[in-house]
Structure formats: structure tokens, C-alpha cells
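This report goes through selected local features of one protein chain. The sequence and the structure are shown first.

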Amino acid sequence: MGKSLNGKELGRGITQRKDGLYQARFINRFGKRQTIYAKTYSDVTKKLRDEQYEDERQLNVIDSNMTLDEWFDIWMKTCKRNCRDTTRRTYTVQYNRLRKDLGWRKLTNLNLVIVQNAFNDLKSDASRRDCKAILVDMLNRAMESDLLQKNVAISVNTKIDCKETNEKNVLTENEKELLYQVSKGGRLYPFFVIALNTGMRMGEILGLTWDCVDFEAGMIHIEKTLCYLPNNGNAIYEFHPPKSRAGKRNIPMSKLVKEVLQEQKAWHEDVKTRYSPQKGFEDLVFTSKTNRPLNAANIKDSINYLVAKINVQNPTQEFKHLTPHCLRHTFATDCIAKGMRPKTLQKLLGHNSLQMTMDLYCHVLDETLKEEMAIITEMV
């Protein structure tokens with residue numbers, strides 16, 4: 001039993017210090033000694049009852065002083081320890097958008113108004129959506145670790161701009177032919193042919209190695225993807241396995257794909273006689289003219305240059321902005337339009353679910369609409 005300075009019994013765990021301040025101690029549910037201070041005996045007993053009530057109802061947290069920045073570091077080191085380097089880098093980029101407004105705040109001091117204000121300052125709804133996904137997961141893990149009682153990030157509104165999402169650009173047959181024609185003889189031509197005739201992701205194309213190209217069986221084996229990590233001006237490349245089991249797949253070659261890959265192999269054999277490949281990437285199908293690995297920025301810059309060239313040559317008809325992923329969308333849309341079974345397309349694209357294939361990658365072109373309507377009604 002504790003005593004006051006004049007020797008009065010105060011109760012278990014309660015004492016009075018020499019400076020007159022009262023203190024109460026108890027062992028909480030986390031096994032930690034918790035100390036409460038107050039100027040009067042009645043205040044310290046009330047605070048003690050409140051803290052013990054929260055402890056019994058599991059309403060308290062193990063560390064009320066931890067900041068969001070501190071928790072992010074722990075979350076990355078423990079919860080995301082086995083993620084790819086590229087994924088971890090993406091998490092860091094997204095979190096840095098919130099760091100200035102929220103990073104210094106204690107987890108227990110976060111509320112919806114504070115968090116929503118930070119999200120309101122972000123540049124776009126897409127950025128808000130990505131940041132919310134990370135923050136929700138961070139705070140969910142914090143709750144599971146007894147650092148937080150409520151995840152306020154779940155209620156954050158990410159739709160502020162409310163801009164209509166542009167539908168992915170899908171190339172018509174004429175646009176595909178124009179793209180082939182303008183790029184013929186250049187290093188983008190084989191990339192276009194592979195992308196538009198296999199539906200492979202850009203990372204899968206750039207990570208394709210000759211041991212995965214089976215000319216005899218007419219098959220391309222997708223076993224890995226090439227990832228690029230900027231490092232203070234130095235390019236770091238890594239082979240990563242597909243993110244899901246469905247990503248590891250075989251894609252049959254069309255006649256055009258086979259011909260282009262054979263031409264690419266001959267070109268690459270010639271390049272190897274003049275430039276040594278980067279160690280660990282000796283067998284890449286697609287490289288630069290100096291036998292170095294390629295990354296997304298290389299391809300995107302080249303495509304932008306080519307599209308600009310097309311628009312200069314054809315000023316009366318604008319060729320829309322094109323991304324490498326638009327080529328994958330075009331492949332999927334063409335397959336559905338030509339009658340391919342959705343389940344077959346799902347396997348070719350390497351998707352886990354059929355819904356993803358149909359919702360994200362299958363677009364109906366205006367010409368297809370007319371053709372389908374003509375089947376059931378007489379068109380003007």
C-alpha cells in the first residue's frame with residue numbers, strides 16, 4: 001500500500017512524490033508498467049480507474065507516442081519485408097505524398113478531418129486512390145498490433161476532382177497498319193508486333209530471353225519480367241517472377257511473330273559481335289543498339305517520338321497518344337471481336353480471374369457495334 005507525505009494510506013499502487021505530485025502505477029495488458037500523474041489524490045484515482053477500464057476493455061494502445069513515420073518504417077520492414085524492390089519503392093513514393101502533412105503526427109491523434117485535409121491537397125483522384133490503399137493497409141496492421149483502435153483512412157473520400165476517366169485507347173486495324181508501316185525497319189517494329197499479337201506486358205517483353213522462345217514448338221514461355229530501379233543515375237535491372245501463378249504461361253506464336261523473332265535473333269547476334277552484354281542479361285531478346293537492357297522510359301519515349309512523327313506526316317488526322325499498355329488492350333479487344341473464348345483470352349493474358357479480363361481489357365469499338373447491331377436489325 002502506498003502512502004502520502006504525511007503517512008496516510010493511499011491504496012495499492014498509489015504514492016505521493018516529494019514534490020507533492022501523486023502517481024499511480026499498474027501493469028497493463030501488454031505487460032508494461034503504466035504510470036499516471038495528478039496534482040490531487042481524487043484526480044489520480046479517477047485517472048487510474050479510467051486507464052484500468054480501458055485496459056480491461058482493450059481500448060488502450062501499446063504505444064501512444066508512435067508517429068506515422070515511425071510506423072511506416074516498421075510496416076515496411078515487417079509487413080512488406082518480402083515484397084519486390086519495385087513494389088517497396090512504389091509504396092515509398094506514395095507514402096511520401098502524405099509524409100509532410102501526416103508523418104509527424106502520432107497514430108492516436110489521427111482523425112478523419114486531419115487525414116482528409118491531407119488527401120485534399122493531393123494532385124488527382126488517382127493519386128488519392130493509390131495513397132488511400134497504402135494508408136488503409138498501414139493502419140489496419142497498426143490496429144492488429146494494438147497501436148490503434150480505429151482506422152480513419154477507410155472513410156477518406158478520394159473522389160474530389162470527379163474527372164471522367166478516359167477509356168483506354170484501342171487501335172483500329174488502320175492505325176495498327178500505320179504503326180507497322182512507320183516503324184518498319186526500326187527497333188520499335190518488333191516490339192509492336194510482339195505486343196499486338198501476343199498481349200504480353202511490357203515488362204514481360206523486355207524480360208524475354210532466347211531460352212524462352214521455342215521456334216520448333218512455336219511457343220513463347222512467359223517465366224519472368226524485367227524490372228528497372230533508378231539508383232542515383234545508375235540503372236539497376238532485376239528479373240522477377242510473375243506476381244501470380246497465372247502470369248507464368250505459354251503463348252503460341254503467329255506466323256508474323258515467329259518471323260519477327262527470327263529477324264530479331266539475327267540482329268541480336270550481329271550486335272553481340274560489337275558490344276558486350278551487361279552481366280546477367282546476356283540472353284535478352286530486346287536490347288538497345290549497344291546491347292544494354294531496355295526499360296519502360298526507353299520504350300515510352302520512342303513511342304512518343306514515333307506518334308509525333310506520324311502526326312506531322314498526317315496533320316489532318318490526329319493519331320492519339322499511345323502507351324505500351326494500349327497495345328495489350330488492343331490485342332484483347334481484337335481477340336474478343338474475332339470470337340476468341342473469354343476463358344482462352346484470360347489464360348493468354350495471364351489473369352487470375354475472368355472478370356479482370358473482361359472488365360479491364362475488352363473494349364467495344366464503334367465498328368463492332370455497327371456489325372453486331374446489323375445482325376439483329378436493319379441499319380440505315
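The model is predicted, and local features are described only where pLDDT is at least 70.

**Sheet**

Three strands make up an open sheet, arranged in the order β6-β7-β10 with antiparallel pairing. β6 (213–214) and β10 (249–252) are the edge strands; each has a single partner strand, so one side of each has no neighbour in the sheet. Two bridges join β6 to strand β7 (residues 219–222), and this pairing is antiparallel.

Helix α1 spans residues 41–56 and contains T45. Is T45 buried or exposed? T45 has a relative accessible area of 14%, which is under the 20% cut-off, so T45 counts as buried. A polar atom of the T45 side chain lies 2.8 Å from the backbone oxygen of S42.

**Salt bridges**

Side chains of opposite charge can pair when their charged atoms come close. How many salt bridges does the model have? The count comes to 14. Three of these pairs are listed here.

| Pair | Distance, N to O |
|---|---|
| R17 and D19 | 2.8 Å |
| D69 and R99 | 3.2 Å |
| D125 and R128 | 3.0 Å |

In the salt bridge between R17 and D19, R17 is partly exposed at 31% relative accessibility, while D19 is exposed at 54%.

The salt bridge between D69 and R99 links distant parts of the chain, with the two residues 30 apart. D69 belongs to helix α2 (residues 68–79) and R99 to helix α3 (residues 85–103). R99 is partly exposed, with a relative accessibility of 29%.

Where do D125 and R128 sit relative to each other in helix α5? Helix α5 covers residues 125–144, and D125 and R128 are three residues apart in it, which means that about one helical turn separates them. Their side chains meet in a salt bridge. D125 is buried at 17% relative accessibility, and R128 is buried at 1%. Both values are under 20%, so both residues fall in the buried class.

Which residues does the network link? K80, D137, R141 and E144 are its members.

**Backbone angles**

Most residues other than glycine have a negative phi. Two residues with positive values are described here. D146 has a phi near 60 degrees, a positive value in a residue other than glycine. D146 is placed in the loop between α5 and α6 (173–183), and at 26% relative accessibility D146 is partly exposed.

N291 has a phi near 70 degrees, which is likewise positive in a residue other than glycine. The loop that holds N291 runs between α9 (255–272) and α10 (296–313). Is N291 buried or exposed? N291 is buried, at a relative accessible area of 1%. Thus D146 is partly exposed, whereas N291 is buried.

Technical notes. Residues numbered from 1 in each chain as written. Predicted model: local features only at pLDDT ≥ 70, side-chain atom pairs only at ≥ 80, totals over all residues. Heavy atoms only, no water. Pairing = 2+ DSSP bridges. Helix = DSSP H or I, 4+ residues; strand = E, 2+ residues; numbered from the N terminus. Buried < 20%, exposed > 50% of the residue type's maximum accessible area, 1.4 Å probe, protein only. Polar contact = N/O pair within 3.5 Å; in protein donor to acceptor, adjacent residues only side chain to side chain. Salt bridge = Lys/Arg side-chain N within 4 Å of Asp/Glu carboxyl O.
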